[in-house]
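Subject: the two-chain model

Hi,

Here is the structure I promised to send over. Have a look at it first, then read on for what came out of it.

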Amino acid sequence: MASLKDLRNRIASVKATRKITKAMQMVAAAKLRRAQEAAVAARPYSERMAVVLANLAGAVAGQSGAPALLAGTGKDQTHLLVICTAERGLCGGFNSSIARLAREHAERLIAQGKTVKMMTVGKKGNDALKRVYGKYIVEAVDFRGQKAVRYDNATGVGATIIRMFNEGAFDVCTIFFAEFKSVISQKPTALQMIPAAVAGGVTADLGGAVYEAEPDEGEILTDLLPRNISIQVFRALLENAASEQGARMSAMDNATRNAGDMINKLSIKYNRQRQAQITKELIEIISGAEAL
Amino acid sequence: MALHFELVSPAKLLFSGEVASVTLPGTEGEMTIMPMHAPVLATLRPGIVTVVRDGGATDKMFVRGGFAEVNAKGLTVLAETAIAMADLDASAMSEQIKSAEVDVAEAKDDETKRRANENLDHMKGLQAGL
């Protein structure tokens with residue numbers, strides 16, 4: 001049985017923990033709003049980009065010599081999985097659910113006899129995967145010590161992906177991230193980037209007209225497609241940032257509540273024990289007095 | 001008849017509205033888009049986008065690394081960097097030039113190097129005129 005002093009210490013330490021988790025929750029809430037705004041602000045760009053790309057892809061479809069980034073290499077032997085996670089933990093199942101999705105995808109591909117390569121963006125994903133899949137990880141990027149996702153980060157990752165593609169290091173590229181649905185719901189998502197899967201919901205709105213292109217279509221596509229990769233990476237990173245803060249907020253909210261429950265339980269135990277001790281002491285005094 | 005114009009960068013939607021005309025710094029030369037323009041796709045070099053509103057008032061915006069699309073619905077400019085001229089001061093410009101210099105240094109083949117250099121020259125010209 002724990003002594004009164006032990007219980008007092010225990011209560012003090014749980015109280016300290018509650019303070020920390022409460023603070024983390026509030027920080028996450030503040031960051032979430034900013035991250036959410038950034039994710040929303042980036043949406044028009046990626047949407048317009050998807051429309052332009054769909055229009056342009058429609059124009060060059062069927063022509064031979066379409067760029068490989070759009071049409072693919074014609075094989076699907078080697079797969080590159082780009083796994084975007086957070087830099088930090090303490091955000092519930094956020095990192096592990098992305099890692100799990102990637103792991104399942106990788107297992108499926110390996111079972112089909114494909115070659116798998118991995119690129120991790122973010123420290124936690126690397127930590128989660130390197131033990132089992134260390135030999136598949138070809139690149140690991142992290143943005144430690146950085147406050148917010150910048151577009152340069154995405155172009156850096158995009159440039160690496162394109163360099164590897166041009167070197168023929170892989171045929172198909174899929175990016176993994178958590179889509180931000182709401183504060184309590186983040187959905188791990190896999191999105192194919194190369195060959196560019198032209199979004200199904202986007203319809204060309206040319207009305208049958210043909211584009212004049214300046215310079216020609218091929219040149220625009222070679223300019224546009226790498227940019228599209230960067231944009232998709234950027235979007236994934238932004239969605240991830242918002243999801244991470246959302247996940248952390250609800251995880252820390254739970255932790256705060258659990259700490260509160262625990263404090264209540266411990267306090268009750270402490271009071272009971274204190275009372276029992278006082279009663280015991282009284283009985284001792286009284287029985288001592290009676291014996292005289 | 002007004003032209004629907006949108007200028008978007010990954011950071012935000014910079015401009016959206018009906019305008020009289022827009023002058024763009026195309027890779028192959030300046031061009032002005034008026035309402036009812038034929039569908040065009042064009043890449044842009046770093047430069048100034050001039051927007052003429054219906055009343056004749058003009059807005060200027062600096063763009064870098066982008067392209068323009070004209071279709072039946074209007075004109076959309078997608079730029080990696082877009083800054084309203086009012087917010088563009090010497091320090092912001094030198095920052096942009098620094099990043100353009102990085103582009104030149106990182107260019108691997110001759111073609112991209114030539115382009116990066118061209119972009120850098122344009123931007124230095126703009127800086128001189130600021």
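Below are some notes on the model, starting with the numbering and then going through chain B and chain A.

Residues are numbered from 1 along each chain as its sequence is written, while chains are lettered from A and ligands numbered from 1 in the order in which they are written. Keep in mind that this is a predicted model: local features need pLDDT of at least 70, side-chain atom pairs count only at pLDDT 80 or more, and totals for chains, interfaces and linings use all residues.

Chain B

Chain B has eight strands and two helices (DSSP runs numbered from the N terminus, with at least four residues of H or I for a helix and at least two of E for a strand). From the N terminus on, the order is β-β-β-β-β-β-β-β-α-α. The C-alpha trace of chain B spans about 45 × 30 × 25 Å along its principal axes. Of its 130 residues, 32% count as buried, meaning that 20 or more other C-beta atoms, placed from the backbone, lie within 10 Å of the residue's own.

Chain B splits into domain 1 (3–85) and domain 2 (89–129), with bounds from an automatic or database domain assignment. Their centres, taken over C-alpha atoms, are 21 Å apart. Six residues from domain 1 of chain B and six residues from domain 2 of chain B make the contact (C-beta atoms, placed from the backbone, within 7 Å).

Chain A

In chain A, five strands form an open sheet with mixed pairing, in the order E3-E2-E1-E4-E5; strands pair if DSSP finds at least two bridges between them. Strand E3 (137–141) and strand E5 (185–194) of chain A are the edges, each pairing on one side only. From one strand to the next, the twist averages 20 degrees (axes are lines fitted to C-alpha atoms, for helices over the stretch in contact, and angles run from 0 to 180 degrees between N-to-C directions).

Strands E1 (residues 78–84) and E2 (residues 115–121) of chain A run parallel and are joined by seven bridges. Thr78(A) stands opposite Thr115(A) in E2(A).

Two helices go with this sheet. Helix H3 (residues 94–111) of chain A lies across E1, E2, strand E4 (172–182) and E5 of chain A, at about 175 degrees to E1(A). Helix H6 (residues 217–291) of chain A packs on the sheet too, touching E1, E4 and E5 of chain A, and its direction makes about 40 degrees with that of E4(A).

Cheers

Conventions. Buried ≥ 20, exposed ≤ 12 C-beta atoms within 10 Å, placed from the backbone.
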